[in-house]
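Dear colleague,

Please find below the structure that I am handing over to you. My notes on its aromatic rings and on one surface patch follow it.

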Amino acid sequence: MTEPLFLAIDHGTSGVRAALVSGEGAVRGYAVRTTPIHFLPGGGAEQNPEDWWQALCACVSELAQKDLIPPSGVTALCVSSTFSTTVAVDEQGSALAPAMTWMDGRGGKHVKNALRGFPSVMGYGLLPMMSWIKITGGGPSLSGKDDIGHVLFWKNEQPELYQKAAFFLPSKDYLNARLTGKIAASIDSMTLFWISDTRNISQVRYDPGLIARLGIAPEKLPPMHPSTHVLGTLCEKAARDLSLSPDTPVVCGSPDHQAAGVGSFAVNDFAAHLYIGTSSWVQCVVPYKKTDPLHSIASLPTAIPGKYYCANEQDTAGACVDFFCRTVTPHITENPFAHMDAMAIQSPPGANGVIFLPWLNGERTPVDDPNLRAGFINLSKTTLATDMARAVLEGVATNIRWSLAFVELFAGRKLTPIHFVGGGSKSALWSQILADVLDREIVQMEDGHMANARGAAFIAAVGTGALSFSDIPALARIQQRFTPRPENRKEYDRIYDAFLSFHRKNRGLFARLNGNGM
């Protein structure tokens, strides 16, 4: 009997990956294509959805050329995509304009207007925010980077586009529309529109009151399904573009946060995972609905029907490594990330006193502040590039420690071990730094950079009856375990205290420097 083989599409900020994954999570092969991002004045960050589709088709074509796709085809196809990247589409699901990515904060002022009121707490009107928290578990970020911030931007600043749009879709669901010809979304992908009543996690629905409060047209919202719902089969054009059978089922899928959790094998209650890609997050499954409004943490729908998760997200993590490689070592063009590891390991823990602030695009959590900026502090005449390289890795880890503290407070327990996935998990050095900085056991998962694709494949397997979520932990594939080194505890505690102190004393300065936009 031929083993089930799932075609998983991992759409990230920097590109698209297509992977063939077995029902047990083994990656049989994959292909990658990059896609550009365009930064605009005022905090804009856009991508062309057609670039995504062309990259997806090219990846699948490469897999076919390598004879990795069996003649009988694949069992099912499933997409994971960036959380809070939004596309305005017509009735047929065709994009009407560039997508606004999760980095795009141009809608911030419109979110603030929608949620203002007296008395005001942290920029939110107290009464409207209490309603939002009660119904959704959280509320729109004032940074404007959530999907709803994008929709409000279009409504207020590009009204012709808003009126012309038949639907506003998360990026995953735009790709699903291209694949099946059907307009729909998953329950979890609609979370950051902040219009879903999640009080009963088994019966999530749109809330008419919140939709009215935001002043958006309810008919422009797609129907919602669980992540494991079989949306349909490939439409004729998609089947032709991908050279796949039109009978190939397409499972609804999940955003990157939720798919990575499944692909990290951390699906049980309080199981935690850490992801480092362009951005970073620390996340765990929780069995209750709860909100910490002070640190932007809430129980939100997972890819696992009937379950919540909580998370704190860092806006730029792997992006900081990319920034360092492009600016400090631009002469290294082959495998610059491995070169950075080789540099960083030459510097001792603490990077000879150099501290890096990883706020290249402001920050989301545990503080929602678009005005923060990155930088090196405590440089001296004796500072070497190797110290700066290590400081970048340690600075990202220190910010994650800040986030982890509030996720653990929310979960009511110490989270260990933590499954480490994403492109950053390929670095053994970074894995050890994280173990030391967080003072937690870090489990580097095998093929951790494939976690999103593996998660999408697992979701497809569950949706087609080949697997259940309870089967997943036993399938875990571990590369290496990293335990904290006691000899580094004092140094990293010192850096953490300085990191928090610098933020506390300089957030007002960042606001004065950058308060008019990104």
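The structure holds 11 aromatic pairs; rings of Phe, Tyr and Trp (its six-membered ring) count as a pair if their centres lie within 6.5 Å, and planes under 30 degrees apart are called stacked, over 60 edge-to-face and the rest tilted. One of these pairs is formed by Phe356 and Phe376, and it is tilted because the planes stand at 50°, with the ring centres 4.9 Å apart. This pair links distant parts of the chain, as Phe356 belongs to strand S24 (residues 355–357) and Phe376 to strand S25 (residues 375–377), 20 residues apart. Helices (H or I, at least four residues) and strands (E, at least two) are DSSP runs, numbered from the N terminus.

Please note that this is a predicted model, in which local features need pLDDT of at least 70, side-chain atom pairs count only at pLDDT 80 or more, and totals for chains, interfaces and linings use all residues. Residues are numbered from 1 along each chain as its sequence is written, and side-chain values use heavy atoms, with hydrogens and water left out.

Phe356 counts as buried, at 2% relative accessibility, whereas Phe376 is partly exposed, at 23%. Here buried means under 20% relative accessible area, exposed over 50%, and partly exposed in between (1.4 Å probe, protein chains only).

Trp359 and Phe499 form an edge-to-face pair, with 5.4 Å from centre to centre and 65° between the planes. Trp359 lies in the loop between S24 and S25 and Phe499 in helix H15 (residues 489–514), so this pair ties together parts that are 140 residues apart in sequence. Trp359 is buried, with a relative accessible area of 0%, and Phe499 is buried at 0% as well. Ring pairs also join Trp359, Trp402, Phe499 and Phe510 into a cluster.

Two charged side chains sit over rings. The charged end of Lys290 is placed over the ring of Phe410, 4.9 Å from its centre, and that of Arg413 over the ring of Phe270, 3.5 Å from its centre. The criterion is NZ of Lys or CZ of Arg within 6 Å of the ring centre and within 35 degrees of the ring normal.

Finally, Val121, Met122, Leu126, Leu127, Met130 and Leu294 make a nonpolar surface patch of about 580 Å². Patches consist of residues with over 30% relative accessible area and no salt bridge, like charges being joined within 9 Å and nonpolar side chains (Val, Leu, Ile, Met, Phe, Trp, Tyr) within 5 Å; accessible areas come from the Shrake-Rupley method with a 1.4 Å probe, and for residues only the protein chains shown count as cover. A salt bridge is a side-chain nitrogen of Lys or Arg within 4 Å of a carboxyl oxygen of Asp or Glu. Helix H3 (residues 126–136) gives the most to the patch, with three residues.

Yours sincerely
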